[in-house]
Amino acid sequence: MTINNSSGGHFILVGFSDQPQLEKILFVVVLISYLLTLVGNTVIILVSCLDSALQTPMYYFLTNLSFVDICFSTSIVPQLLWNLHGPAKTITATGCAIQLYVSLALGSTECVLLAVMAFDRYAAVCRPLHYATVMHPRLCQFLAGIAWLSGVGNTLIQGTITLRLPRCGNHRIYHFICEVPAMIKLACVDIHANEVQLFMASLVLLLLPLALILVSYGYIAQALMRLRSALTWGKALGTCGSHLLVVVLFYGTITAVYIQPNSSYAHSQGKFITLLYTVVIPTLNPLIYTLRNKDVKGALKRLVRKDNTREKILGK
């Protein structure tokens with residue numbers, strides 16, 4: 001990994017330093033959100049692994065999503081909290097490179113993983129009699145592997161190209177994280193080719209998965225319209241509603257930053273939009289999947305009852 005060290009071995013993450021009062025509020029909000037992210041997603045992983053009723057393709061992918069969210073937040077939030085709490089806004093060149101590679105890999109993985117989950121919902125609603133045959137364990141592992149490999153491949157290409165750009169001493173990043181759209185702005189050479197490359201990568205890893213999600217839900221809607229059953233509609237909403245809400249939140253924010261990184265909207269509101277998909281949405285995901293999902297709530301109740309029964313037996 002080659003890192004351009006023309007910035008003197010560190011970068012300054014300007015972040016929200018021009019609004020000190022906002023920094024204090026954000027510190028509390030981000031800290032609470034991060035703790036909820038860790039707890040909520042860990043609960044989903046444990047429940048999905050411990051309850052046999054949840055050992056299905058849907059919850060296998062949900063476990064992957066929860067793990068991605070934990071790692072994604074952890075790659076960003078600790079450094080953000082450190083910068084919000086004190087006057088030092090610096091991050092080492094190595095730390096910046098690690099944050100860039102890891103967060104980009106995990107964000108890209110989530111994009112593809114959400115498309116894989118949409119295909120799983122399509123199979124469940126449109127091919128219910130053949131669902132177990134279609135979504136067999138090997139295919140689930142293969143699809144999850146494709147999501148992870150896509151993220152790793154994207155970050156190795158985009159991250160390496162971005163870090164090798166000459167910066168001519170520029171080391172002030174007008175953001176709170178080391179992210180590709182913010183990093184390429186430090187370059188002291190023509191970055192048009194990099195912007196085109198970023199746009200093309202965004203098309204592949206953002207718009208292509210989003211198109212697959214829309215196609216999957218188009219087929220789901222067609223299947224439901226043919227059935228015209230209130231009970232079937234209710235089951236489908238319970239099955240697909242949580243995933244669709246997560247898709248809207250995640251893609252609605254991340255596309256605003258990556259599809260048009262030089263737009264006036266992305267430039268002025270970019271830090272706040274990034275806060276949404278790096279801090280807030282990983283917190284909301286477990287809440288959405290537990291509050292709107294009877295299976296997860298039922299599994300939690302069963303695990304609590306088991307613990308209570310065990311305590312009573314040990315107490316006797």
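**A first stop: Phe 61 and its surroundings**

Leaving aside residues up to four places away in sequence, Phe 61 touches Leu 113, Val 116, Met 117, Asp 120, Met 135, Cys 140, Leu 143 and Ala 144. Keep in mind that you are looking at a predicted model. Which residues of the largest nonpolar core touch the most other members? Phe 61 is one of them, together with Leu 114, Ile 173 and Tyr 277.

**The nonpolar core**

- The largest nonpolar core has 87 residues.
- Helix H4 (residues 93-126) supplies the largest share of this core, with 19 residues.

**Helix H2**

- Helix H2 runs over residues 57-74 and has 18 residues.
- Is helix H2 largely enclosed or largely open? Because 14 of its 18 residues are buried, helix H2 is largely enclosed by the rest of the structure.

- An unreviewed UniProt entry lists residues 25-47, 59-78, 98-119, 139-157, 199-220, 241-260 and 272-291 under "transmembrane region".
- In the model, residues 59-78 are 90% helix and 0% strand, with end C-alpha atoms 28 Å apart.
- Residues 98-119 are 100% helix and 0% strand, and there the end C-alpha atoms are 32 Å apart.

**Aromatic rings**

- How many aromatic pairs does a search of the whole structure find? The search finds seven.
- Take Phe 250 and Tyr 251: their ring centres are 5.7 Å apart and their planes stand at 90°, so this pair is edge-to-face.
- Phe 250 counts as buried because its relative accessibility is 1%, and buried means under 20%.
- Tyr 251 is buried too, with a relative accessible area of 3%.
- Phe 16, Phe 176 and Phe 272 come together in one aromatic cluster.

**Leu 208, a residue in helix H8**

- Where is Leu 208? You can find Leu 208 in helix H8, which covers residues 192-227.
- Leu 208 has a relative accessibility of 48%, so it counts as partly exposed.
- Leu 208 and Ala 115 are 93 residues apart in sequence, while their C-alpha atoms are 9.0 Å apart in space.

Definitions and conventions:
Residues are numbered from 1 along each chain as its sequence is written. This is a predicted model: local features need pLDDT of at least 70, side-chain atom pairs count only at pLDDT 80 or more; totals for chains, interfaces and linings use all residues. Side-chain values use heavy atoms; hydrogens and water are left out. Helices (H or I, at least four residues) and strands (E, at least two) are DSSP runs, numbered from the N terminus. The expected span of a helix is 1.5 Å times one less than its number of residues. Buried means under 20% relative accessible area, exposed over 50%, partly exposed in between (1.4 Å probe, protein chains only). UniProt positions are given in the numbering used here, feature names are shortened, and annotations may be inferred rather than shown by experiment. Rings of Phe, Tyr and Trp (its six-membered ring) pair if their centres lie within 6.5 Å; planes under 30 degrees apart count as stacked, over 60 as edge-to-face and the rest as tilted. A nonpolar core is a set of buried Ala, Val, Leu, Ile, Met, Phe, Trp, Tyr and Cys residues joined through side-chain atoms within 4.5 Å. Contact means heavy atoms within 4.5 Å.
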